[in-house]
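Please consult the sequence and coordinates shown below alongside the text.

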Amino acid sequence: QVQLVESGGGLVQAGGSLRLSCAASGRTFRSYAWFRQAPGKEREFVLAIRWSDGSTYYADSVKGRFTISRDNAKNTVYLQMNSLKPEDTAVYYCAARDGLIYYSDSRYDYWGQGTQVTVSS
């Protein structure tokens, strides 16, 4: 059974850093993405990576602060978040699909359970 298991969320002060992990069991996908959902808001795209060559795609709101990377040996995708802001507070979800990268969450077939990130001011 395919699973995406996330870890690494928590509480951090503004300006701090966190690293989230998304470990895929069962198989490797062509595309991985991170989405987030803040209270009362729709889930939004954060960034994505193409597994084959490591190409990355970022939302403007996180460029220069967040980085996505992968570890082939561990079949794991990472989200490094630096210079965190209170507006980054959300539940972060890892997602995967077999096809091209899309910015819409409806295109992704596999999802992690979500991990809470809270940034205090």
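The structure is a predicted model. An open sheet with antiparallel pairing contains four strands in the order 1-3-8-7. Strand 9 has its own set of antiparallel pairings, including one with strand 4 over seven bridges. By the rule applied here, the count of salt bridges comes to seven.

**The four-strand sheet**

- The strands of this open sheet follow the order 1-3-8-7, and their pairing is antiparallel. Strand 1 (3-7) and strand 7 (66-71) stand at the edges with a single partner strand each, so one side of each has no neighbour in the sheet.
- On average, neighbouring strands of this sheet are turned by 15 degrees against each other, with direction ignored.
- Six bridges join strand 7 and strand 8 in the antiparallel sense. Ile68 has Leu79 in strand 8 as its bridge partner.

**Strand 9 and its partners**

- Strand 9 pairs with strand 4 in the antiparallel sense over seven bridges. Trp34 stands opposite Cys94 of strand 9.
- The antiparallel pairing of strand 9 with strand 11 (residues 115-120) comprises three bridges. Ala90 stands opposite Val117 of strand 11.
- Strand 9 and strand 10 also run antiparallel and are joined by two bridges. Ala95 stands opposite Trp111 of strand 10.

- Val77 belongs to strand 8 (residues 76-81). Its relative accessibility is 1%, and because buried means under 20%, Val77 counts as buried.
- Leaving aside residues up to four places away in sequence, Val77 touches Leu20, Ser21, Cys22, Tyr32, Trp34, Ile49, Trp51, Ile68, Ser69 and Arg70.
- One of these contacts, Trp51, is 26 residues from Val77 along the chain, and the two C-alpha atoms are separated by 9.1 Å.

**Salt bridges**

- Which residue forms a salt bridge with Asp98? The partner is Arg27, and the closest N and O atoms of the pair are 2.2 Å apart. Asp98 lies in the loop between strand 9 (90-97) and strand 10 (110-111), while Arg27 lies in the loop between strand 3 (18-25) and strand 4 (31-37), so the pair ties together parts 71 residues apart in sequence.
- Asp98 counts as partly exposed at 38% relative accessibility, and Arg27 is also partly exposed, with a relative accessible area of 29%.
- A salt bridge of 2.6 Å, N to O, joins the side chains of Glu44 and Arg36. Glu44 is partly exposed at 36% relative accessibility, whereas Arg36 is buried at 6%.
- Both Glu44 and Arg36 belong to a network of salt bridges that also links Arg65 and Asp88.
- Lys63 and Asp60 form a salt bridge in which the closest N and O atoms are 3.2 Å apart. Asp60 has a relative accessibility of 65% and counts as exposed.

Methods
Residues numbered from 1 in each chain as written. Predicted model: local features only at pLDDT ≥ 70, side-chain atom pairs only at ≥ 80, totals over all residues. Heavy atoms only, no water. Buried < 20%, exposed > 50% of the residue type's maximum accessible area, 1.4 Å probe, protein only. Contact = heavy atoms within 4.5 Å. Salt bridge = Lys/Arg side-chain N within 4 Å of Asp/Glu carboxyl O. Pairing = 2+ DSSP bridges. Axes fitted to C-alpha atoms, helices over the stretch in contact; angles between N-to-C directions.
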